[in-house]
Amino acid sequence: GMLVLQSALIWGGAFLTYRAYFRQQGGTVAAIFLCLMLFYPPIFGIAGVIWKDILMWGLLFLAFGITGHIGPPGQQKAMQAVILTALVIMLLFAAILVRLNAAITTIPLAALLFSRVYSGINLRRLFISLIVGGVLAILGLVSAVMLNDTLSDRKDHAWVALSLFDVAGVIMKLESREAQQSLYDRIPEIMRYAETVDAIPQSYSSRSWHTLFEYEPIALRYPPRPTHKGSVGKNSFSTLNSTELEQLKQLWLSLIHDYPQQLLTHHLDVFSQVLGLTPHRLWTPSMMCTNCFPEELQARYGRNPESTYLQEVAEFRIASLNNHWPFRPWVYLVLTVVIIAVSLLRFQINTETILLCMSGFLHEFGLFFVAPSADFRYSHYLIFATVLSVLLIYRPSLVRLNRKRLGCSDNKSADG
């Protein structure tokens, strides 16, 4: 069911994006390129995984496609524009509900929604649109947090993992063992596995917070697991009490004031891993195995059929490209910055291209603050936004290719 939903969002977004942005500029050739984009290995490799990252991508893709069908006043029925606008806002809000860090990603897409009411766009209107998009994103984030808190009967407190990762990162940057031990002692006792701080340097890795809990010698531990019937998984901080949570919050906030340089360096180390600026592989650039979950989940939900030969070959071939530039997020981040800069400096305001690039850029930039590991899935949306932006830029070339395919001269219409 989730695979059907995700696939419908993604292919629905592709279809509506074609109709809104490519049908008049590229025709059949543009449709072919849009379909091929979804099979581009860095995009296709995890497109079928049931992850909130992929669901977020589908929601944003569909919102982008629908936005392109909203016309300025006088060119579209008012009720139709209202319905489409409401749909886009709902999709953007759903994306934030799926991943809270999507809030910053939705700012340019909300700005694009606002800018569609104008028959033309300039730098001033672009700036105003971004302000409106920022306001909508903040409202969406606040509403999502309130809704989640209201509906959830168990709080996992996912931020705890990030706070402990930051504490360990700062400890690694301190030269004094006494200062390291002092900081380690401020972690709630229930989560300190080792007696001394010496386990932190041996288990810490800027690639993931999990190593602190899993690498020998183990430095940290999860609190006792929930005893109620609905509990699954070990990666839960739901049993921490209010005193322990407050202690962690104060410790986390104190890092900004007491160790700003060490904290910044730690985040730079993690972000370099996320961007693929190190020789290490990013985790899971391709996942097509059908039983990649713990045995306790299998006992609850049953076992999927075994992977087919085609799935195994596709996963292996895509994963083998992991160390090559198509799977290095920094390449797409640089390309996104170049596209935005050139578009603005040349005053050729291609609104949808600029704002889509900004959406991908902001999503990746937000990972500097919240990325807990070097998972490829975190950069998946950036890669998608960049590739689609390149197609948007080359629409004139797609028109020429389509005319050539139809045998049309330059002064004839190639619109199918």
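**Close-up views of salt bridges and the nonpolar core**

**View 1. The salt bridge between R154 and D156.** In this predicted model, R154 pairs with D156 in a salt bridge whose closest N and O atoms are 3.2 Å apart. R154 is partly exposed, its relative accessible area being 25%, and D156 is likewise classed as partly exposed, at 33% relative accessibility.

**View 2. The salt bridge between R395 and E352.** The side chains of R395 and E352 come together at 2.9 Å, taken from N to O. Because R395 belongs to helix α19 (residues 395–406) and E352 to helix α17 (residues 351–370), this pair ties together parts that lie 43 residues apart in sequence. R395 counts as buried at 5% relative accessibility, and E352 is buried as well, with a relative accessible area of 12%.

**View 3. A salt-bridge network that includes D375 and R377.** D375 and R377 meet through their side chains in a salt bridge of 3.1 Å, N to O, and both of these residues are buried. The pair is part of a network of salt bridges that links D53, R99, D375 and R377; for the model as a whole, the count of salt bridges comes to seven.

**View 4. The largest nonpolar core and the surroundings of F237.** The largest nonpolar core has 104 residues, and those with the most contacts inside it are F22, M37, W57 and F237. Helix α4 (residues 52–67) gives the most to this core, contributing 11 residues.

Notes:
Residues are numbered from 1 along each chain as its sequence is written. This is a predicted model: local features need pLDDT of at least 70, side-chain atom pairs count only at pLDDT 80 or more; totals for chains, interfaces and linings use all residues. Side-chain values use heavy atoms; hydrogens and water are left out. A nonpolar core is a set of buried Ala, Val, Leu, Ile, Met, Phe, Trp, Tyr and Cys residues joined through side-chain atoms within 4.5 Å. Buried means under 20% relative accessible area, exposed over 50%, partly exposed in between (1.4 Å probe, protein chains only). Helices (H or I, at least four residues) and strands (E, at least two) are DSSP runs, numbered from the N terminus. Contact means heavy atoms within 4.5 Å. A salt bridge is a side-chain nitrogen of Lys or Arg within 4 Å of a carboxyl oxygen of Asp or Glu.
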